Amino acid sequence: MAPCAPVLTVDNQDCALMEKVSNCVYDKFTNNLSWKPVSSSTCDPIVTLYRIYYKASPSGKFVKIDSTQNTFYQHIKTDGIRGCYAVSAVNIGKKESQLSNLVCLENCANFELPNLFSPNGDGLNDTWLPMRCPKFVSQVTCKIIDRYGQEVYDYSGSINGFVWDGKNKSGKLMPAATYFYECQVDFDVLDENQKRKVIKGWVELVK
């Protein structure tokens with residue numbers, strides 16, 4: 001008979017650590033898996049190894065990514081935190097248990113905009129950029145208008161190119177005033193309800 005399926009837990013602390021990264025560059029993520037063996041009279045108590053399975057989304061197909069004799073495993077990724085895991089137990093006769101419980105992790109997406117900037121050339125707060133390192137943003141579409149409804153900035157593309165220097169489309173620096181924006185932000189997340197967010201607000205241009 002095969003072993004019982006283990007009970008899996010998955011922990012990730014990278015979201016908290018990302019807040020401390022000064023250059024906003026994230027190129028490695030570590031998901032920490034651990035599991036508890038389960039004993040039963042209907043299961044083989046002798047386990048020789050565990051197999052780790054991963055899929056990018058709950059609807060995806062599991063792929064075995066590794067095997068280990070330990071009851072813990074670190075999955076190091078370069079594309080983010082999100083993903084789903086399960087573990088199985090294998091006995092000496094190579095009989096495999098059913099998969100453990102499914103555990104999915106979500107990317108900690110973030111996008112916040114400030115309400116003030118000063119494009120006066122002093123090197124401090126000269127451009128309008130997202131605050132506190134935007135995270136897991138796939139695309140940004142944003143328009144800014146003045147108080148008369150005239151469009152002064154229009155952008156659609158990756159987060160890396162999103163910045164307003166306080167100038168209009170002709171390259172003229174706009175006067176100190178309040179401007180209004182509407183941004184559509186697409187996130188790299190599992191939750192379909194959180195994949196797109198529309199943000200409306202205002203920004204004060206001061207000199």
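On a 1 Å grid over the protein atoms alone, a pocket is an open set of points where a 1.4 Å probe fits, with protein on both sides within 12 Å along at least five of seven lines; its lining residues have an atom within 4 Å of a point. Grid points are joined across faces, edges and corners, and a volume is the space filled by probe spheres set on the points.

This is a predicted model, in which local features need pLDDT of at least 70 and side-chain atom pairs count only at pLDDT 80 or more, while totals for chains, interfaces and linings use all residues. Residues are numbered from 1 along each chain as its sequence is written, and side-chain values use heavy atoms, with hydrogens and water left out.

**First stop: the largest pocket**

Select Cys24, Tyr26, Pro134, Ile159 and Asn160, which lie nearest the centre of the largest pocket among its 19 lining residues. The space in this pocket is about 380 Å³. Its lining comprises twelve nonpolar, four polar and three charged residues (Ala, Val, Leu, Ile, Met, Phe, Trp, Tyr, Cys and Pro count as nonpolar, Asp, Glu, Lys and Arg as charged, and the others, Gly among them, as polar). Strand 10 (residues 131–135) gives the most to the lining, with three residues; strands are DSSP runs of E of at least two residues, numbered from the N terminus.

Remain on strand 10 and select Arg132, which has its place there. Its phi is near 50°, a positive value in a residue other than glycine. Now select Asn125, in the loop between strand 9 (116–117) and strand 10. Asn125 likewise is not a glycine, and has a positive phi of about 55°.

**Second stop: an open sheet**

Which order do the four strands of the open sheet have? The order is 4-3-6-7, with antiparallel pairing; two strands pair if DSSP finds at least two bridges between them. Strand 4 (63–68) and strand 7 (103–105) stand at the edges with a single partner strand each, so one side of each has no neighbour in the sheet. Inspect strand 3 (residues 49–55) and strand 6 (residues 83–90), which run antiparallel and are joined by seven bridges. Select Lys55 to find its bridge partner, Cys84, in strand 6.

Select strand 11 (residues 137–145) and strand 12 (residues 151–157), which pair in the antiparallel sense over six bridges. Thr141 stands opposite Ser156 in strand 12. Five residues lie between the strands of this hairpin, where Gly149 takes a positive phi near 90°.

Side chains of opposite charge can pair when their charged atoms come close. A salt bridge is a side-chain nitrogen of Lys or Arg within 4 Å of a carboxyl oxygen of Asp or Glu. The whole structure holds eight salt bridges.

Select Lys77 and Asp79, whose closest N and O atoms are 2.8 Å apart in a salt bridge. Lys77 is buried at 5% relative accessibility, whereas Asp79 is partly exposed at 44% (buried means under 20% relative accessible area, exposed over 50%, and partly exposed in between, with a 1.4 Å probe and protein chains only).

Next, select Lys143 and Glu151, a salt bridge with closest N and O atoms 4.0 Å apart.

Finally, select Asp186 and Arg196, whose salt bridge has its closest N and O atoms 2.7 Å apart. This pair links distant parts of the chain: Asp186 is in strand 13 (residues 177–187) and Arg196 in strand 14 (residues 196–205), ten residues apart.
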